[in-house]
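Student: I have a structure open and some questions about it. Can we go through the rings and then the strands?

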Amino acid sequence: MTVSTHAGRPRRRGLLATAALLVTAAMALVPASPAAAHHGWDGFETNDLVYIAGTVSSEGIWGDPHSLFDVTLDAQLPANTPDLPIPEDLSGPEDSIRVEAALAYDGPHDELEILIAPPWWSSSNGLNRELEVGERFQGVGYINSTDDGLFRPVAFWYGDDNAPVNQVIGNTLPVRAPLPGAAQASDEPAEVPSTVEDPVEMAPPAQGADAQGAEATDDSRSETWVVWAVFAAVVVAAAAGSVFYVRHRTRQDERNQDA
């Protein structure tokens, strides 16, 4: 009985060591996966574009992966988006008509938290500084699905001159939802992959904006292969180390027993 107990201990220790290595490797690699880092627009009510207007009411947080600040809403809002300059990337007829037709916010809050892209993206699309408390803000975008106090614009305008800022990549909305009051079969939402249109998921640009979309897709695929290759290498190394450890401890125990 004593021999069996001592012989089993190194095997159990080896198995536990292997399991610990595998768990540690998985926990370290999962956050690096593009899928795990995905934010996208999925958490927002993308079938309902909403127009808001008011004044910035907090200094906010400016940085990666998002910038956040509060806006106190006007007591009265127009029925839908007023005549504002549409950002160039959203100036196509199918997108601009939807931005212009967005209905005014009619939710329960008189203040909303605004979530926008990081500064590196906004600075190349119309906003090269932090917004100041008391500054005019207007936006068209979506209310969060689970937090109705959180608003994420596809475009916004700031200051007295209504400077436009684009918040999506390319020339399309995340979802081209039916126009308010004019839903037809031909107006079914046309979804676009979030990895293409969400600036939060892209690294700061090293080249021109035209090449970013293709590079982001290629980089995402490359990162996926690298992650799995590293994980496979860790698994093989852990398994080999476990086998070596078990054999070494077993032989050592046998020599000690013979002695």
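Student: How many aromatic pairs does the structure hold?

Tutor: This is a predicted model, and it holds five aromatic pairs. In one of them, Trp-62 and Phe-69 are stacked, with 5.3 Å centre to centre and 5° between the planes.

Student: Are Trp-62 and Phe-69 buried or exposed?

Tutor: Trp-62 is buried, and Phe-69 is buried too.

Student: On to the strands. Where is Tyr-142 found?

Tutor: Tyr-142 is in strand β5, which covers residues 136-143.

Student: Why does Tyr-142 count as buried?

Tutor: Because its relative accessibility is 0%, and the cut-off for buried is under 20%.

Student: And how are Tyr-142 and Pro-153 placed? What separates their C-alpha atoms?

Tutor: Their C-alpha atoms are separated by 6.2 Å, while the two residues are 11 residues apart along the chain.

Student: In which sense do β6 and β7 pair?

Tutor: Strand β6 (residues 150-158) and strand β7 (residues 163-166) pair in the antiparallel sense, over four bridges. Ala-155, for instance, has Asn-166 in β7 as its bridge partner.

Student: What do β6 and β7 form, and how many residues are between them?

Tutor: A hairpin, with four residues between the two strands. Gly-159 in the turn has a positive phi of about 80°.

Key
Residues are numbered from 1 along each chain as its sequence is written. This is a predicted model: local features need pLDDT of at least 70, side-chain atom pairs count only at pLDDT 80 or more; totals for chains, interfaces and linings use all residues. Side-chain values use heavy atoms; hydrogens and water are left out. Rings of Phe, Tyr and Trp (its six-membered ring) pair if their centres lie within 6.5 Å; planes under 30 degrees apart count as stacked, over 60 as edge-to-face and the rest as tilted. Buried means under 20% relative accessible area, exposed over 50%, partly exposed in between (1.4 Å probe, protein chains only). Two strands pair if DSSP finds at least two bridges between them.
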